[in-house]
Amino acid sequence: LAKKIAVVLLAVQVFSAFYVAGVTGGKQNKAVDNVILTTEEEFTVSSKDNIVVFLLDAFESKTFREIQQQNPELIKKLNGFTYYPDATSYFGLTDYSLPQMLTGKPFTNSGTYANYLKQSWKGNPFYKLLRDKNYDIRLYTFDTFMRGAEGSVDNLQKAKYVVNNEIFKYFKDLALFREMPHLLKKHYVIYSVVLRNPVVEDKKAEPYRENDVAFYNKMKNGLKLRDDKNCFRFYHLNGAHKPYTMTADIKRAKAGSGVTQHEQAVGALKIVLEYIEMLQKNKLYSNTTFAILADHGKHSSTATAPLVLIKQPNAPDRPLEVRTNPISYNGLHATLLKRFGTESERFGKDFSTLEEKKRTYYLVKLRNQDIVMDEYKIEGDVEKEESWKVVRTINNYIKTSDRSYVLGTKIDFSTNGTSIKYMGKGWRRPMLHDSGIRE
């Protein structure tokens with residue numbers, strides 16, 4: 001019986017693959033205009049002043065405390081840092097939280113996401129001040145957040161994406177998942193990252209892709225110095241985010257191989273600590289503003305906190321300090337720019353002086369086939385459920401209820417693309433990431 005089922009499933013897949021190829025005419029390698037963040041000067045820093053941010057995706061504050069208990073030798077390397085356990089992001093998903101961290105402006109479902117990005121980047125004062133201070137600005141993260149950032153970011157360039165066989169393979173796997181018996185679906189893992197990592201037509205341009213082991217292996221070649229500019233560097237690593245494919249020793253592992261979130265988080269933290277050691281060897285660390293952050297805590301949850309660690313220039317050489325004042329990423333830009341004295345004050349209070357008794361958080365959900373936001377007010381300890389209260393629900397500006405699709409119609413997965421029309425609930429359970437949204 002099992003053999004017959006296997007033959008039937010295989011026949012369905014072969015038929016589906018050839019039918020789709022026939023309808024689409026087997027067209028490949030058609031270039032699509034887009035923008036990319038390149039790896040240019042990825043490990044180049046200034047011989048003068050540097051601001052370095054490491055974003056470790058989905059790295060909970062609670063996870064950091066577990067590492068404190070189980071791996072105390074790592075924490076000893078964080079002398080001069082201040083840890084803020086009572087911190088909150090604005091969102092529990094990367095696609096919403098990261099643009100807020102980069103631009104200082106949250107998306108609140110009041111218009112299209114593409115227009116939000118464009119307006120948030122336009123004339124952004126954070127990057128203007130860095131320019132005025134002679135900073136070379138390079139971000140190493142998903143380029144889908146960069147619409148409108150032209151002129152603000154030095155490693156952002158126009159590029160053409162080419163649809164290749166990886167996309168075809170992804171949809172073949174997706175079709176196999178659809179036909180698979182439900183009991184087996186939980187063992188079959190598909191990640192949509194291939195849709196974020198298309199091939200770039202210009203072979204000379206190497207786009208940044210989130211791969212912590214590859215990042216580390218390149219980083220081991222050392223830092224290069226430039227004398228003409230100060231440097232702002234923002235590195236986005238997979239951190240504690242699924243899939244768990246990196247060991248605590250920064251070795252690659254297969255998804256589902258048994259690597260735990262804790263082990264991967266330890267590995268991510270080790271990468272950052274080794275980067276710090278390289279700055280120290282070049283005698284650049286003392287005068288560097290250094291931030292180790294998470295874009296959010298536990299995915300799409302309340303009573304969770306992101307990791308927040310800050311070292312200001314010329315911080316005293318003391319063990320890790322803990323400050324329990326309530327903060328949010330509302331104070332992030334002021335904190336990163338604190339080295340500029342009074343010029344940073346127009347961005348508000350920095351983390352060291354911020355006392356936010358009431359904080360705002362948006363929990364993004366799928367409800368009745370639409371993306372909505374529950375707005376919370378947080379009063380009290382961010383990791384206690386009783387501190388969180390829903391004050392309103394914000395419906396989506398773009399209604400996605402009409403998902404009728406005509407076979408052969410092109411689906412564009414770019415920021416301004418048509419794919420949003422077809423996004424809905426997942427195949428196994430109604431989780432938001434099954435809608436194409438990065439957690």
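Is F54 buried or exposed? I started my notebook with this residue. The model I am reading is a predicted one. I looked up F54 and found a relative accessible area of 0%. The cut-off for buried is under 20%, so F54 is buried.

**Entry: the whole search.** Next I asked how many aromatic pairs the structure holds. The search of the whole structure gave 29.

**Entry: F54 and Y235.** I then checked where the two residues sit. F54 is in strand β3, residues 50-56. Y235 is in strand β10, residues 230-237. The two are 181 residues apart, so I noted a link between distant parts of the chain. I looked up Y235 as well, and its relative accessible area is 0%. Y235 is therefore buried.

**Entry: F142 and F145.** I moved on to another aromatic pair, F142 with F145. I read 6.1 Å from centre to centre. The angle between the planes is 80°, and this pair is edge-to-face. F142 has 8% relative accessibility, so I marked F142 as buried. F145 has 1%, so F145 went down as buried too.

**Entry: a cluster.** Which residues form one aromatic cluster? I listed F43, F54, F81, Y140, Y208, F215, Y235, Y275, Y285 and F290. My pair F54 and Y235 is among them.

**Entry: a charge over a ring.** Last, I looked at Y285, one of the cluster members. K311 lies over the face of Y285. I noted 4.7 Å from the ring centre.

Key
Residues numbered from 1 in each chain as written. Predicted model: local features only at pLDDT ≥ 70, side-chain atom pairs only at ≥ 80, totals over all residues. Heavy atoms only, no water. Phe/Tyr/Trp six-rings, centres within 6.5 Å; stacked < 30°, edge-to-face > 60°. Helix = DSSP H or I, 4+ residues; strand = E, 2+ residues; numbered from the N terminus. Buried < 20%, exposed > 50% of the residue type's maximum accessible area, 1.4 Å probe, protein only. Lys NZ or Arg CZ within 6 Å of the ring centre and 35° of its normal.
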